[in-house]
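Please look at the sequence and the structure before reading on.

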Amino acid sequence: MSYTLRGFVAVYRLRSIKSRLSKGTFGFLLSVTLLLLMAGCQSATKTKTYRIGFSQCTGGDEWRKTMLHDMKRELTFHPNYTLLYEDAENSTTRQISQIQALIDQGIDLLIVSPNEVAPFAKVIEDVFKRGIPVILLDRKIETESYNAYIGGDNVEIGRLAGVFIGNHLKGKGRIVEIWGLPSSSPAQERHRGLLEELRKYPGIQVVKELNGQWERDTVGRVVAAELNTLKDVDLVFAHNDVMALGAYAVCKQKGIEKKLDFVGIDALPGPNAGMQAITDGILKASFLYPTGGEEAIETATRILAGKSVKREQVLNSIQIDGSNVRALKAQSDKLLAQQVDIEKQSQRIDALTQTYASQKNTLYITLASLIVVMLLGGWALYLFRSKQTAYRTLERQNEEIREQKDKIEAVSQQARLATEEKLRFYSYISHEFNTPLSLILTPTEDLLTKKTVSSHDLKSNLALIQKNAYRLLRLIDQMLDLRKTDAGKQRLRTVEQDLVAFIQDIVQDFKRKAEKQRIDLRFMPSKASLPVWFDEEKLDKVIVNLLSNAFKYTPKGGLIHVRLDVLDNRVCIQVEDNGEGMTPDEQAHAFDLFFSGTRPFNLSKGLGLALSMEFIQLHQGDISVKSEKDKGTTFTILLPLGKDHLAEEEMDQSGPRNTLREGAFVSPRLLVDVEEEESTLPADLTQKRSGTLLVVEDNDDIRTFLTTRLGHEFEIIAEGTGEKGWERAIDVIPDLIISDIMLPGMDGMQLTQRVKADLRTSHIPVVLLTAKGQMEQRIEGTRAGADAYITKPFNTTYLLEVLRTTLANREKWQRRYASDFLSQAGAGNRQDKKFLNELTGLIEQNLTDPDFGVEKLSRDMGLSRVQLYRKVQALLDMNVIDYVAEIRLKKARRLLTESTKTMAEIAYETGFSSPAYFTTFFKQHTQKTPSEYRKSPASA
Ligand code: FRU
């Protein structure tokens with residue numbers, strides 16, 4: 001099948017559109033998507049937009065409507081182009097002014113289809129000069145100022161018409177030519193082409209030329225006026241189909257249409273148009289005249305895109321007549337249908353474009369939202385981070401605050417401990433002052449209250465007073481030293497002197513004491529003499545302190561050795577004893593001023609050693625101790641030799657001073673001899689005593705004083721520690737215990753508790769001696785079971801009075817206990833009651849046993865015979881045997897009065913070996929025989 005040119009061109013264009021738009025739904029959608037994306041991209045890259053002005057001479061006929069339609073369809077592929085359309089409605093003047101108006105609107109290119117040839121040259125030249133490209137469409141004008149001409153070859157179409165007419169009329173006939181607007185180029189050219197071709201047919205004659213102005217109405221008028229001419233004509237040739245059909249209509253009206261043939265130009269498809277008229281046999285032929293609308297838009301876009309275009313674009317034409325009209329019409333119809341389809345698709349594209357635009361907007365909004373969300377997320381993250389940083393900073397600050405708080409707490413804890421230590425220290429200072437004060441006041445009072453005093457008593461009391469006055473002096477001296485040390489005011493005043501001679505001198509002072517205590521005191525220097533820079537006052541105190549301690553803790557017959565050696569440019573002094581030694585804890589705190597470990601603070605030792613340490617350190621030296629419990633102790637002093645370590649002001653060049661003689665300081669050596677006197681105090685222990693007293697007191701002087709002073713009236717057993725006191729209490733079961741509260745090891749309170757908790761000793765009154773008169777101490781003591789307190793310093797007369805009263809009270813208790821127990825009433829101390837209950841129960845259980853006696857009873861009670869005897873004596877003021885007898889008698893009395901048992905039975909039940917012995921025993925104790933008692937019990 002062969003296509004006509006027009007059909008071919010149309011199909012080709014359609015295919016290109018289809019290939020762009022409809023290769024399956026996916027392809028289509030893909031294309032659409034790409035298109036939209038491109039559109040998006042273009043819009044994103046701001047694609048340039050263009051305005052095309054189109055000036056149409058007339059828009060009223062079908063051919064020009066088709067032209068506009070073709071243009072618009074082509075424009076759908078160029079969304080950035082806008083068409084500004086003006087219709088001049090066949091008026092040349094209107095068209096000229098419309099062109100100017102388009103220019104004023106700022107068009108980028110002008111397409112013009114001019115109404116006439118001549119009048120447009122000037123206006124188009126103006127447009128062209130302004131640089132606005134011009135495309136002439138379909139009709140020509142008299143100027144060269146244009147970029148492109150697009151249109152059919154009208155001369156050629158006139159020729160084709162001539163060829164058809166020549167052939168159709170077979171070279172002979174009469175014709176009428178109906179012109180289009182004579183001043184328009186297509187009319188002039190078609191006429192010229194027709195005449196050129198008809199010249200070949202001399203038998204054909206143009207009998208009349210009518211002016212149809214391209215319009216049906218005009219044709220109707222002019223044809224009606226020339227009907228007579230037409231009656232004699234074979235063929236009417238009109239310059240377009242519109243005019244040909246108009247002429248046909250007039251002829252038909254007059255009934256002459258069958259006599260002549262009609263030929264036109266344009267061959268438009270569609271109803272009532274040229275192609276349909278050929279099919280219907282109204283027109284014999286027509287010639288396809290393309291509108292050029294698509295080409296004009298395509299050319300315009302190329303020009304505006306800066307691309308080259310063909311200046312003269314002649315559109316081809318073909319003849320359509322009865323031979324090809326059906327095929328071409330079918331193609332045209334198909335084309336029309338496809339065009340409708342294209343338009344629908346174009347509309348769909350528009351709809352999709354809109355959808356895309358709205359989706360794009362949605363996408364943008366979503367993207368924007370996403371960005372906002374991300375920004376917010378970032379901000380939240382930032383806030384979180386900064387919050388975390390702030391949190392960490394806070395944590396760190398908290399930690400610092402906590403650390404500071406801990407430090408403050410530690411400091412306040414230290415301060416609290418220091419305060420406690422100080423309070424304890426003051427408390428012990430008072431205690432330490434109390435003892436010598438007691439030992440000054442008590443003998444003084446003693447001397448003052450006695451009417452006559454023996455010279456021995458006088459001397460011994462005065463010696464005691466003197467000794468304790470020195471002790472006070474020494475304590476005060478130590479306190480002052482301590483204060484100076486504490487205030488950092490201790491200064492060294494060294495002189496160079498022979499250290500061997502210095503120590504020798506001190507050791508010599510202790511010789512007499514050593515001899516008396518049979519102590520092997522030796523000084524063993526490794527050199528005969530050794531010049532050393534030292535502060536003699538301070539070193540004197542240190543060495544005397546060490547020797548005094550050694551004497552205090554070394555038993556009779558022990559050894560105290562003082563050594564002096566030189567080691568590595570240092571002098572080493574050692575004081576060694578084989579005394580009672582120290583525990584590791586005591587050793588570790590030996591030099592602590594306020595050490596209060598497990599045993600009570602000892603001022604003379606504590607202060608002395610703490611001061612010694614201070615003094616040796618002032619000398620840039622060192623002091624240390626090595627000790628083992630029950631083996632002995634060695635103190636080691638190291639002092640640097642030479643004087644390089646001393647400051648100028650610490651050295652006195654004036655030579656040694658005898659501080660002792662000058663009295664510059666109180667040497668502890670003054671006490672050495674005085675202390676010896678204590679053993680000379682008389683102790684008259686042979687006299688008749690009114691009870692046994694156990695004195696537990698660690699201070700030798702007070703112990704000795706109490707022993708001496710109370711020994712006149714009581715039998716005294718004295719011990720220096722709580723443990724030893726307890727052992728003696730169990731051993732002898734004394735009538736009364738006097739104990740100091742402050743004791744090394746087991747103190748007075750603990751001793752009291754132990755005494756009161758033990759069955760064997762619970763009845764013994766305890767009198768506590770204390771330097772502390774405070775109420776708490778008394779409450780504590782009372783809880784422990786103490787019976788009385790004496791506050792130091794005590795008055796001897798008052799003490800004696802307390803002791804006597806306590807013992808007298810005890811006796812009253814004894815009597816009451818005895819009667820209570822025998823009458824089953826029971827009273828008094830819980831321990832004692834328990835003891836008596838146990839004792840009485842045991843006796844009653846064994847009453848039928850004639851062999852039951854003190855031996856078995858003491859064994860069953862877990863006591864020694866002596867302990868049992870003393871306990872019963874103390875509690876009931878009777879001996880055990882008498883108490884057993886009392887219980888037997890008590891039972892016998894009950895059986896005699898409350899039973900009808902025989903004498904033999906009663907004698908047996910109450911543990912008598914025979915009724916005769918029972919009768920004798922009963923009579924001895926009750927002054928009645930059992931029979932007499934049974935008769936009248938009341939008088940017994
Ligand atoms: C339409 C028309 C067509 C003709 C053309 C010539 O207005 O008359 O029929 O072919 O113009 O310009």
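## Helices H30 and H32

At what angle do helix H30 and helix H32 pack? Helix H30 (residues 880-898) and helix H32 (residues 915-926) pack at an angle of about 100 degrees, and their axes are 11 Å apart. That makes H30 roughly perpendicular to H32. Angles of 65 to 115 degrees count as roughly perpendicular, those under 35 as roughly parallel, those over 145 as roughly antiparallel, and the rest as oblique.

The model is predicted: local features need pLDDT of at least 70, side-chain atom pairs count only at pLDDT 80 or more, and totals for chains, interfaces and linings use all residues. Residues are numbered from 1 along each chain as its sequence is written, and side-chain values use heavy atoms, with hydrogens and water left out. Helices (H or I, at least four residues) are DSSP runs numbered from the N terminus. Axes are lines fitted to C-alpha atoms, for helices over the stretch in contact, and angles run from 0 to 180 degrees between N-to-C directions.

In H30, Ala885, Leu889, Ala892, Arg893 and Leu896 are in contact (heavy atoms within 4.5 Å) with Phe918, Phe921, Phe922, His925 and Thr926 in H32. The residues of this contact divide into seven nonpolar, two polar and one charged. Here Ala, Val, Leu, Ile, Met, Phe, Trp, Tyr, Cys and Pro count as nonpolar, Asp, Glu, Lys and Arg as charged, and the others, Gly among them, as polar.

## Helices H4 and H5

Helix H4 (residues 92-104) packs with helix H5 (residues 121-129) at an angle of about 10 degrees, their axes being 10 Å apart. H4 and H5 are therefore roughly parallel to each other.

On the H4 side, Ile96, Ile99, Gln100 and Ile103 meet Val123, Ile124 and Val127 of H5. The contact of H4 with H5 has six nonpolar residues, one polar and no charged.

## Helices H3 and H12

The axes of helix H3 (residues 62-75) and helix H12 (residues 293-304) cross at roughly 40 degrees and come within 7 Å. H3 and H12 are therefore oblique to each other.

Met67, Asp70, Met71, Arg73, Glu74 and Leu75 in H3 meet Gly293, Glu294, Ala296, Ile297 and Glu298 in H12. Five of the residues in this contact are nonpolar, one is polar and five are charged.

## Around the ligand

Residues with a heavy atom within 4 Å of the ligand are Asp61, Arg64, Asp138, Arg139, Pro186, Arg190, Trp214, Asn240, Asp266 and Tyr289.

Oxygen atoms of the ligand lie 2.9 Å from a side-chain N or O atom of Arg139, 2.7 Å from one of Asn240 and 2.4 Å from one of Asp266.

## Glu226

Glu226 sits in the loop between helix H8 (216-225) and helix H9 (227-231). Leaving out residues up to four places away in sequence, Glu226 touches Lys208 and Leu210. Glu226 and Leu210 are 16 residues apart along the chain, and their C-alpha atoms are separated by 8.8 Å.

Technical notes. Helices (H or I, at least four residues) and strands (E, at least two) are DSSP runs, numbered from the N terminus. A polar contact is a pair of N or O atoms within 3.5 Å; within protein, one must be able to donate a hydrogen and the other to accept it, and residues adjacent in sequence count only if both atoms are side-chain atoms.
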